[in-house]
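The sequence and the structure are shown first.

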Amino acid sequence: MNSDKSDHIHFKKRGAKTFRRGKALAFLERLKLKRSTIQQQLEQPEFQSIQQILVGELKAIDMMMEEFKQLFELVETETHNKKGCEQNEEN
């Protein structure tokens, strides 16, 4: 039993394999698309009556995306490039 548990822990530390990583990235892209759609709805007057619900959904999707990226050890290059640009502007 202990060997199964240690294998599981070791497996988590290695990160996603290539095949699974591709599926994980595809799912993350779907979440981004859903987030974008909700963001657009927030800006449209016909969705004014449910604005608080949409804000809640945005927060939930943001939380899911962050947890998902951490779980599958996904790092977005856009985020790193943006941070690099901000640091260059400060210097």
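## Basis of the description

A residue counts as buried under 20% relative accessible area, as exposed over 50%, and as partly exposed in between, with a 1.4 Å probe and protein chains only. Accessible areas come from the Shrake-Rupley method with a 1.4 Å probe, and for residues only the protein chains shown count as cover.

The model is predicted: local features need pLDDT of at least 70, side-chain atom pairs count only at pLDDT 80 or more, and totals for chains, interfaces and linings use all residues. Residues are numbered from 1 along each chain as its sequence is written, and side-chain values use heavy atoms, with hydrogens and water left out.

## Overall fold

The protein chain holds 4 helices and 0 strands, where helices (H or I, at least four residues) and strands (E, at least two) are DSSP runs numbered from the N terminus. The order of the elements from the N terminus is α-α-α-α. Helix α2 covers residues 18-42 and helix α3 covers residues 51-71.

Of the 91 residues in the protein chain, 15% count as buried. The chain exposes about 7,700 Å², of which carbon and sulfur atoms supply 55%. A contact means heavy atoms within 4.5 Å. Among contacts between residues at least 6 apart in sequence, 63% join residues at least 24 apart.

## Nonpolar core

In soluble globular proteins, nonpolar side chains tend to be buried together. A nonpolar core is defined here as a set of buried Ala, Val, Leu, Ile, Met, Phe, Trp, Tyr and Cys residues joined through side-chain atoms within 4.5 Å. The largest such core has 11 residues: Ala-24, Leu-28, Leu-31, Ile-38, Leu-42, Leu-54, Leu-58, Ile-61, Met-65, Phe-68 and Leu-74. Helices α2 and α3 each supply at least two residues of this core.

Leaving aside residues up to four places away in sequence, Ile-61 touches Leu-31, Lys-34, Arg-35 and Ile-38. Leu-31 and Ile-38 are, like Ile-61, members of the core.

A pair of aromatic rings is described by the distance of the centres and the angle of the planes. Rings of Phe, Tyr and Trp (its six-membered ring) pair if their centres lie within 6.5 Å; planes under 30 degrees apart count as stacked, over 60 as edge-to-face and the rest as tilted. The whole structure contains 2 aromatic pairs. The ring centres of Phe-27 and Phe-68 lie 5.1 Å apart with their planes at 50 degrees, so this pair is tilted. Phe-27 belongs to helix α2 and Phe-68 to helix α3, so the pair ties together parts that are 41 residues apart in sequence.

Phe-27 is partly exposed at 33% relative accessibility, whereas Phe-68 is buried at 15%. Phe-68 also forms a tilted pair with Phe-72, with 4.7 Å between the centres and 45 degrees between the planes. Phe-72 is partly exposed, at a relative accessible area of 24%.

## Salt bridges

Side chains of opposite charge can pair when their charged atoms come close. With a salt bridge taken as a side-chain nitrogen of Lys or Arg within 4 Å of a carboxyl oxygen of Asp or Glu, the count comes to 3. Arg-35 and Asp-62 form one of them, at 2.5 Å from N to O. Arg-35 lies in helix α2 and Asp-62 in helix α3, so the pair ties together parts that are 27 residues apart in sequence. Arg-35 is partly exposed at 26% relative accessibility, and Asp-62 is partly exposed at 29%.

Within helix α2, Glu-29 and Lys-32 are 3 residues apart, about one turn of the helix, and their side chains meet in a salt bridge of 3.4 Å, N to O. Glu-29 is partly exposed at 47% relative accessibility, as is Lys-32 at 22%. Within helix α3, Glu-66 and Lys-69 are likewise 3 residues apart, about one turn of the helix, and their salt bridge has an N to O distance of 3.0 Å. Glu-66 is partly exposed at 42% relative accessibility, whereas Lys-69 is buried at 12%.

## Backbone at Glu-73

Glu-73 has a positive phi of about 55 degrees although it is not a glycine. Glu-73 is placed in the loop between α3 and α4 (77-90), and is partly exposed with a relative accessible area of 39%.
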